[in-house]
Amino acid sequence: MALDERQIAVSQLSDDELEQVMAEHGVGLTVGEARRIAELIGRDPTLVELHIFNVEWSEHCSYKSSKASLRMLPTDAPNVILGPQEDAGIVFFTEHEGKRYGVVMAHESHNHPSQILPNEGAATGIGGIVRDVDCMGARVFGTADPLRFGDPQGEHAERTRWIVTGVVEGIWQYGNALGVPNLGGDIYFDETFDDNCLVNVVALGVVAEEDIIHSAVPQQAHDEPYVIILVGKPTDDSGFGGSAFASKILDEEEQAEDRGAVQVPDPFLKNVLAMRKANEAVREAAKEKGIVIGMKDIGGGGLACGTSEIAAAGGFGVDINLEEVHVGLEGLLPETIMCAETQERYVIAVPEHFADEVLEIYNQQWDLLNVYEGACARVIGRVTEDPTYTVRFGDTIVTQAPVEAVTSGISYEREEQPREWSEPEPQFDQPEDLADALLKVLGSPNVCSREYVYRAYDSEVQGNAVLRPGESGAGVSRPLEGCDAAVALSVDGNPKYGRIDPYWGGATAVAEAMRNVACVGAVPQALTDCLNFGNPEKPEQFWEFRQGVRGVADAASNLWLKGYEQTPVPVISGNVSLYNESASGSSVAPSPIIACVGVLDDYSKAVTTQFKQPGDAIYLLGERKDELGGSAYYEALGLGLGANVPQVDWEAERARIYAVTDAIDEGLVAACQDISDGGLAVALAEMCMGPFGRGDVGADVDIEEALGGLRPDKALFTESSGFVVEVRRGSEERFEALCAEHGVEPIRLGETSEDAELEIECGDDDLVDLSVEVMAEEWTNALSRILS
């Protein structure tokens with residue numbers, strides 16, 4: 001069989017000529033990379049090979065700028081079942097009916113596509129992350145969506161509002177139809193996201209340890225023939241070049257042509273494949289027969305990545321016949337079939353003798369053709385002992401290269417250069433009316449209620465919800481029928497902190513995510529990260545990236561896995577999204593976004609943020625410090641960003657998390673809220689209001705003992721980490737003793753009250769006296785006003 005005649009004369013063309021030829025064919029490789037490919041395969045590459053390497057060596061797939069930095073992250077701990085080496089990580093959850101279960105956790109970004117086509121970009125982000133978890137053999141039981149948008153009241157307000165609307169619609173339209181509940185998320189607005197929104201997605205699943213499916217051709221393929229099955233939608237040209245597009249700088253003038261690089265979603269086919277147990281039927285059939293299979297989602301890089309990576313992960317090669325691939329359009333070129341990112345597709349490696357049964361399950365029992373026109377399962381290739389990646393199209397070999405060369409990518413040692421933050425702390429007098437200041441903060445874009453967004457999301461589907469979005473800083477789900485153990489999930493990361501100091505931006509994101517999980521009573525077990533940064537080819541922006549990773553690594557290493565001294569909270573999965581920069585040169589705020597998963601042994605012990613009853617004691621855990629840099633208070637008063645960002649005291653943070661989780665486990669706590677955006681004042685206000693602004697229990701507190709040498713307004717609005725805890729009447733002595741056991745000094749601020757009001761005093765001075773109704777009017781309605 002002859003090699004494809006469409007070879008690119010890499011060895012003969014000048015640098016300028018080669019660059020022009022690649023640009024004409026839509027290949028984004030550098031000249032040096034193209035010449036390196038020719039060296040690796042020993043000849044001039046075909047056009048199809050250049051396209052395959054273009055996606056496999058993209059930043060999105062190969063991590064070529066970030067690979068070395070990611071080694072700083074701690075990924076191992078006694079509870080880790082699978083670290084960050086496949087489509088998702090797995091951490092131990094619980095034992096039930098004689099089986100060990102794990103929580104499967106994946107975290108991805110769909111930033112560039114969502115800026116261009118917000119609805120489709122966000123929807124396919126949800127689709128991809130659900131597939132990542134499903135293909136591990138897990139049942140997906142929740143998603144979360146950390147989102148970052150431009151200034152909704154700034155220069156590009158109209159475009160920002162359009163993007164927000166599209167992204168939110170894409171998430172609910174896809175997620176709701178798919179039947180996966182939304183457990184939570186967060187939203188920040190900042191002008192640095194005007195040209196590059198961030199749409200991060202997280203998915204959780206549950207799987208028995210014995211039922212885990214790996215994203216690799218099984219070792220049994222050494223003993224018997226294995227084939228590759230492609231299942232799902234017919235391949236079309238949607239998303240062609242998507243991974244390369246996700247690794248480039250966005251140019252407003254090119255957005256029209258970039259739209260073709262965005263995938264098109266179909267949640268109803270996904271519902272059949274993932275949620276209505278078609279994939280599960282295949283797994284069960286394999287399990288009954290003692291057959292080991294491999295399964296991989298087809299996402300970024302399309303069929304090229306899916307087929308090459310599942311083979312390389314097992315140490316095998318693969319021989320693909322593109323004429324066996326079901327397509328939805330006539331006349332597709334082989335490079336399009338290989339690299340298009342058509343959604344709702346998987347590749348499965350199965351023994352040849354089992355293939356017909358797999359095809360029958362998908363094609364006959366689940367009738368894929370009648371779910372979506374052209375959808376089906378087909379054998380498209382064979383696993384080979386020879387570790388070569390071969391792709392045939394008719395009578396032509398269009399790709400033949402060492403599979404390791406295709407999948408191992410390329411690595412760069414980027415230059416980093418520190419940059420200084422020059423903005424000082426603002427000098428200003430304490431406002432005369434702190435009640436008015438609190439209302440301004442409550443109505444500001446980054447503090448106001450997100451109910452306007454999350455009310456569109458279905459949090460009840462599957463019937464596992466314990467705590468829903470808005471009820472606490474973490475969502476809680478009970479994913480195993482008949483089992484009391486529950487999973488908590490929180491996502492966090494303040495871009496304002498990252499702008500000032502990317503190291504503390506990363507560290508505080510980890511700490512806040514862990515605090516939010518602890519607030520419901522769950523013990524933090526594992527982290528994932530999505531590292532959203534600018535152009536790694538610019539030394540200052542690469543320094544920001546490195547600092548952010550260091551912050552995440554240090555926090556995970558120093559906050560410790562509870563019960564295992566000196567053992568990190570492991571980072572079990574994640575994603576890097578670079579080149580979040582516009583053609584004008586402006587990049588996003590350094591944005592390491594962290595997801596934390598925690599476990600409660602008994603879901604009935606979970607607590608919410610809303611005050612429960614009058615007469616309970618209110619405690620503050622956590623010293624108030626002059627750390628208002630990047631605060632909601634400065635933003636609401638128009639004072640700029642400042643300089644003094646919150647810094648994590650590892651030992652004190654760890655002690656408070658342990659004390660809170662122990663206190664909730666003992667039943668001492670009625671409500672708990674972490675202190676972050678808006679500080680102590682906002683935490684108290686939110687506990688009075690509850691998730692919908694209808695709370696009927698107020699608070700009467702005195703902050704004099706909590707000042708720590710600060711002015712009252714700074715003590716109220718500093719975002720130094722901590723907790724506000726409502727301790728049940730009669731439990732105060734035990735709570736204080738428990739805190740002392742952990743080396744925590746609780747400050748008793750006051751009590752909950754019968755009047756639905758927040759009263760804050762400082763000695764003899766009355767600082768704030770606001771009813772829940774007045775606060776809720778500002779807090780609950782602000783986002784709808786801002787986005788209307």
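Start with phenylalanine 545: it counts as buried, at 1% relative accessibility. Buried here means under 20% relative accessible area, exposed means over 50%, and partly exposed is in between, with a 1.4 Å probe and protein chains only. Phenylalanine 533 also has 1% relative accessibility, so it counts as buried.

A word on the source. This is a predicted model, where local features need pLDDT of at least 70 and side-chain atom pairs count only at pLDDT 80 or more, while totals for chains, interfaces and linings use all residues. Residues are numbered from 1 along each chain as its sequence is written, and side-chain values use heavy atoms, with hydrogens and water left out.

Now the ring pairs. Rings of Phe, Tyr and Trp (its six-membered ring) pair if their centres lie within 6.5 Å; planes under 30 degrees apart are stacked, over 60 edge-to-face, the rest tilted. How many aromatic pairs does this rule give? The count comes to 11.

Take phenylalanine 428 and tyrosine 634. They pair edge-to-face, 6.0 Å centre to centre, with 90° between the planes. Phenylalanine 428 lies in the loop between helix H17 (403-408) and helix H18 (434-442), and tyrosine 634 in helix H23 (residues 632-636), so the pair ties together parts 206 residues apart in sequence. Helices (H or I, at least four residues) and strands (E, at least two) are DSSP runs, numbered from the N terminus. Both phenylalanine 428 and tyrosine 634 are buried.

Back to phenylalanine 533 and phenylalanine 545. Their pair is edge-to-face: 5.4 Å between centres, 90° between planes. Phenylalanine 533 sits in the loop between strand E18 (523-532) and helix H22 (539-559), and phenylalanine 545 in helix H22, so this pair ties parts 12 residues apart in sequence.

There is a cluster too. Ring pairs link Phe428, Tyr633, Tyr634 and Phe717.

Next, the sheet. Six strands form an open sheet, ordered E15-E16-E17-E20-E18-E19, with mixed pairing. Two strands pair if DSSP finds at least two bridges between them. Which strands stand at the edges? Strand E15 (465-467) and strand E19 (571-577) do; each has a single partner strand, so one side of each is left without a neighbour in the sheet.

Look inside the sheet. E18 and strand E20 (residues 591-600) run antiparallel, joined by nine bridges. Alanine 526 stands opposite valine 597 in E20.

Last, helix H22. H22 lies across E18, E19 and E20, at about 175° to E18. Contact means heavy atoms within 4.5 Å. Axes are lines fitted to C-alpha atoms, for helices over the stretch in contact, and angles run from 0 to 180 degrees between N-to-C directions.
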